[in-house]
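Okay, thanks everyone, let's get going.

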2 protein chains.
Amino acid sequence: MSGAIGAMRSTLDIHVAVAKIAHHGGGESGDTIETIERPGGGFSFVLVDGQGSGRGAKTLSNLLATRAISLLKDGARDGAVARAVHDYLYTYRMGQVAATLNILSVDFQSGKILISRNNPAPFFVLDPEGVVSHNEPSTPIGLQPMIKPVISELEVRPYTYVVIFTDGLLRAGERYGEDIELLNYLSAWPVMDGRSPGELSEMLLQRALELDRGEPCDDMSIVVLAVLPGNEAASIRRLAVSAPFEEPTWPAPM
Amino acid sequence: MSGAIGAMRSTLDIHVAVAKIAHHGGGESGDTIETIERPGGGFSFVLVDGQGSGRGAKTLSNLLATRAISLLKDGARDGAVARAVHDYLYTYRMGQVAATLNILSVDFQSGKILISRNNPAPFFVLDPEGVVSHNEPSTPIGLQPMIKPVISELEVRPYTYVVIFTDGLLRAGERYGEDIELLNYLSAWPVMDGRSPGELSEMLLQRALELDRGEPCDDMSIVVLAVLPGNEAASIRRLAVSAPFEEPTWPAPM
């Protein structure tokens, strides 16, 4: 078993796509997503949804994401990072403020995909055998002492997709009595076609925007990871970021 | 002036593409690149090339990039971050170890693009008026006390490209007596076509690989930023990462 996987490994690529949109009229998304390269090899994505909306929620999610990536960059294991970020929030906001925290990692040291979740919203895994909704009970960080993440571990196998999101996605269409029905929707994804995760994240985002009639009722962030057969001779890493330019909020000489 | 720019701002998108390749036979690139969302709005890219090669260079560049993104996430201004990272390296390696450090930021607070450079390698700016090589003398961090970055500030204007890289790119073809002639090469880029920065970074990478006959003599990292007219109604942020999966280096239970 390990031999067979070992033989395949160098020919697999990991692709991750993130799409993020602020709720209508809010201007700024209260969600923060950051990615870092893990010091032992691989990378991690940290997704935080701070309680509330606007500037306050954004400041909170920024502080928590900063803490998480600093710890991950120091080599701390994902479970310890989630606990430490909870303790930080619980200590300094005295149990009064909640946030959701997801950490998605591809760890080249253990050769696994790790999903650490402090979020009532589930995440989904799509592979050739079907779609699994991981909805084990999970608590946001910040409100009670000693909160722990739910950690899932997956093998790195071709044609595996992992879909993680903040609850704005689940709530799309709620105002109009509609439901995004993610499980049904994801079941239709042609896993074996090897499409990019960007196609899936865009499709989900468009679907959510349609249900909310173009005016998202909440901040939404979607992270899709895909393990696909490699298609390049050279070992190249790529990163792409795009965002609308925003007007200066105050005139700031450097 | 500020009125005209102000009117255009909400219709501009910022796109950034990064491509990174390890030198042939090295397995691991000694370069580290990280990106973060700035707490005041906008984002920053930190590019570090640690002295030497292999695991040692990688550990060094990882430590320095970690320090830089932690400070940036705390809201520290770019020039202070470059100075602090230098001081950190100079203090703990006692002036014995060098690294190059570039910080590329789009700062939504001041509405500027900032390039902070501790790197003898130049960077390039392409806009409708032509190509400018920014090669003001600049020193790597780590070797002498009180090193400062060279900081350049650019307006956010449509059809502006900024190209930053580690010196491996400049050295492509050196072994075979060839020169990448970046300035000539970039002068041919059709700025007004509004192509994605990913096309430019891929073109540069392919060109470098050809000159090195498919076996890069050094780690190479390329960062290309583009300011282009916006093409979407909604304010969506996107991030995409791809990398070859690497075999576990040691068996690690979580």
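Before anything else, one cut-off: when I say buried, I mean under 20% relative accessible area. And keep in mind that this is a predicted model.

So, take Arg117(B): its relative accessible area is 1%, so Arg117(B) counts as buried. Its salt-bridge partner is Glu136(B), with the closest N and O atoms 3.6 Å apart. Arg117(B) sits in strand β5 of chain B, while Glu136(B) is in the loop between β7 and β8 of that chain, and the two are 19 residues apart. Glu136(B) is partly exposed, at 33%.

Over in chain A, Arg175(A) and Asp212(A) make another salt bridge, again with 3.6 Å between the closest N and O atoms. That one ties the loop between α4 and α5 to the loop between α6 and β10, 37 residues apart. Which of these two is buried? Asp212(A), at 0% relative accessible area; Arg175(A) comes out at 47%, so Arg175(A) is partly exposed.

Then there's Asp107(A) with Arg38(A), also at 3.6 Å. Here strand β4 of chain A is linked to the loop between β2 and β3, across 69 residues, and both partners are buried. Searching the whole structure gives 31 salt bridges over all chains.

Now the strand. β9 of chain A, residues 160–165, has 6 of its 6 residues buried. Why would neighbours in a strand point opposite ways? Because in a regular strand the side chains alternate between the two faces of the sheet. In β9(A), Thr160(A), Val162(A) and Ile164(A) go one way, and Tyr161(A), Val163(A) and Phe165(A) go the other.

β9(A) has antiparallel partners, too: it pairs with β6(A) over 3 bridges and with β10(A) over 6 bridges.

Last stop, helix α6 of chain B, residues 197–211. Its 15 residues reach 21 Å from first C-alpha to last, close to the 21 Å expected. Its buried residues include Leu200(B), Leu204(B), Ala208(B) and Leu211(B). Looking down the axis, the buried residues of α6(B) all fall within an arc of 165 degrees, so they line one face of the helix. Just after α6(B), Arg213(B) has a positive phi of about 50 degrees.

That's my tour, happy to go back to any of it.

How values were computed. Residues are numbered from 1 along each chain as its sequence is written. Chains are lettered from A and ligands numbered from 1 in the order in which they are written. This is a predicted model: local features need pLDDT of at least 70, side-chain atom pairs count only at pLDDT 80 or more; totals for chains, interfaces and linings use all residues. Side-chain values use heavy atoms; hydrogens and water are left out. Helices (H or I, at least four residues) and strands (E, at least two) are DSSP runs, numbered from the N terminus. The expected span of a helix is 1.5 Å times one less than its number of residues. Buried means under 20% relative accessible area, exposed over 50%, partly exposed in between (1.4 Å probe, protein chains only). The arc is that of the directions from the helix axis to the C-beta atoms. Two strands pair if DSSP finds at least two bridges between them. A salt bridge is a side-chain nitrogen of Lys or Arg within 4 Å of a carboxyl oxygen of Asp or Glu.
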